[in-house]
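This report walks through one protein chain. It takes up charge pairs, then a pocket, then the surface.

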Amino acid sequence: SSGINAEWPLRPGEHCQTVHDTCKNADIICTVTSSRSPVLSLGDVKDGAHVNVVGGTSPSAREVADDLMLSEKLRVFADSYDSAYKEAGDIMQTKVEVYSEIGEVFAGKKDYTWSPSNVTLFKNSGLGCQDVVCANLVYRKYIENQSC
């Protein structure tokens, strides 16, 4: 068998009662809320995990608690310094430093070596250029798969 299901087969679901139970063993955690109060804290995240913070992009939005945002083990990445410092409540309210824009790491302009004792966090504020690139990719795949 080939494809993503061969590499990551589907597993039976598990019902969890709390955020902690849901996240405590996760390698990757995604928060996608419009919350104004944190839903994820340091005790919910294991060392070596990665957190994608995708929800609310306003100065009052909060998905991540201060104890995680201000943890010495946290390394914060963003799609844009500008949007992170002007629109992301989790970053603005805690005044945490953004280590790097994610594009700087991908382009090799900024080094980052993952450590099993760190937690990485990517704050996605959403950039129009990302939307255009994704839409173009979907469109090209659609055209590529059309048959006459």
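Arg-62 and Asp-66 form a salt bridge, with their closest N and O atoms 2.7 Å apart. The model is predicted. The two partners differ in cover. Arg-62 is buried, because its relative accessible area of 6% falls under the 20% limit. Asp-66 has 39% relative accessibility, so this residue counts as partly exposed.

The structure holds seven salt bridges. Side chains of opposite charge can pair when their charged atoms come close.

| Salt bridge | N to O distance |
|---|---|
| Arg-62 and Asp-66 | 2.7 Å |
| Lys-46 and Asp-27 | 2.7 Å |
| Lys-24 and Asp-21 | 3.8 Å |

Which parts of the chain does the bridge between Lys-46 and Asp-27 link? Lys-46 sits in the loop between β1 (28-31) and β2 (50-53), while Asp-27 sits in the loop between α2 (19-23) and β1. Lys-46 has a relative accessible area of 28%, so Lys-46 is partly exposed.

Lys-24 pairs with Asp-21 through their side chains, at 3.8 Å from N to O. That distance meets the salt-bridge limit, because the cut-off is 4 Å. Both partners are partly exposed. Lys-24 has 35% relative accessibility. Asp-21 has a relative accessible area of 31%.

Now the overall fold. The chain has seven helices and five strands. In sequence order, the pattern runs α-α-β-β-α-β-α-α-β-α-β-α. The chain has 148 residues, of which 32% count as buried.

Next, a pocket. The second largest pocket has a volume of about 180 Å³. Its lining draws on two stretches of numbering. Met-69, Leu-70, Ser-71, Glu-72, Leu-74, Arg-75 and Val-76 are among the lining residues. Val-96, Glu-97, Val-98 and Tyr-99 also line this pocket. Which strand gives the largest share of the lining? Strand β3 (residues 74-78) does, with three residues. By class, seven lining residues are nonpolar, one is polar and three are charged.

Ile-143 belongs to helix α7, residues 128-144.

Thr-18 lies in the loop between α1 (4-7) and α2. Is Thr-18 buried, exposed or partly exposed, and what is its relative accessible area? Thr-18 is partly exposed, at 38%. Thr-18 and Asp-44 are 26 residues apart in sequence. In space, their C-alpha atoms are 9.6 Å apart.

Definitions and conventions:
Residues numbered from 1 in each chain as written. Predicted model: local features only at pLDDT ≥ 70, side-chain atom pairs only at ≥ 80, totals over all residues. Heavy atoms only, no water. Helix = DSSP H or I, 4+ residues; strand = E, 2+ residues; numbered from the N terminus. 1 Å grid on protein atoms, 1.4 Å probe; cavity = no way out; pocket = protein on both sides within 12 Å on 5 of 7 lines; lining within 4 Å. Points joined across faces, edges and corners; volume = space filled by probe spheres on them. Nonpolar A, V, L, I, M, F, W, Y, C, P; charged D, E, K, R; others polar. Buried < 20%, exposed > 50% of the residue type's maximum accessible area, 1.4 Å probe, protein only.
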